[in-house]
Amino acid sequence: MRNVRTLITMVATGLLVLGVLITVVVITDINNGSSHTALFVLVGPLLIGIGIVLFVVLTKDPTRNQPGSKAPTSQSDRSHTLVFTVGEHEQHVVAFFWDQVWGWITITVDGNLIEKKLVTLSFRLVRVSEFEVGENEKHLVRIEKRRTLFASFAQPQPIRGFVDGVLVAENDGVALT
């Protein structure tokens, strides 16, 4: 999880530096009377913009702490939560958090971070997370998030939680904005 954050930081920094360098070269060429840099006039600012967006996404990470941190806080009005209990004798609380604006998916069990993903571009129509919960009383937990093929950013994306193949919790995916 920390590696993803480091990778995104490196990519964002690289894009910012590359964008600034291209912009400086373009300005220098324009001042020297060169006209063949028309394409690069847009590339530099575009790379700077993408780098800034990546840094903003990093700052909106709901669990900026190390694994084992407590449950994330909501970062936008389009956050979705699915919470359910697993087990009869050995009970555990599973929580699935998804921020539709910033793309962070976070799963916790008893408040401890199990999985964290940043999903900004995906071709999957169903995102599935499976893991085992419990020590003496083991259960297989499966969480599915479905999306539509087109304009999914603006459509409801239902979330369903299964324990041992049985549906135990469901969120219709409609954000309360």
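**Comments on the model**

1. Val-174 touches His-80 and Pro-156, leaving out residues up to four places away in sequence; contact means heavy atoms within 4.5 Å. The C-alpha atoms of Val-174 and Pro-156 are 4.8 Å apart, although 18 residues separate the two along the chain.

2. The model is predicted: local features need pLDDT of at least 70 and side-chain atom pairs pLDDT 80 or more, while totals for chains, interfaces and linings use all residues. Residues are numbered from 1 along each chain as its sequence is written, and side-chain values use heavy atoms, without hydrogens and water.

3. Val-174 lies in the segment following β8 (166-171); strands are DSSP runs of E, at least two residues, numbered from the N terminus. Val-174 is partly exposed, with a relative accessible area of 45% (buried is under 20%, exposed over 50%, partly exposed in between; 1.4 Å probe, protein chains only).

4. An open, antiparallel sheet is formed by 4 strands in the order β5-β6-β7-β8; pairing requires at least two DSSP bridges between two strands. Because β5 and β8 each have a single partner strand, one side of each is left without a neighbour in the sheet. β6 and β7 pair over 5 bridges, and Lys-145 has Ile-159 in β7 as its bridge partner.

5. Beyond four places in sequence, the contacts of Phe-84 include Val-94, Val-141 and Ile-143.
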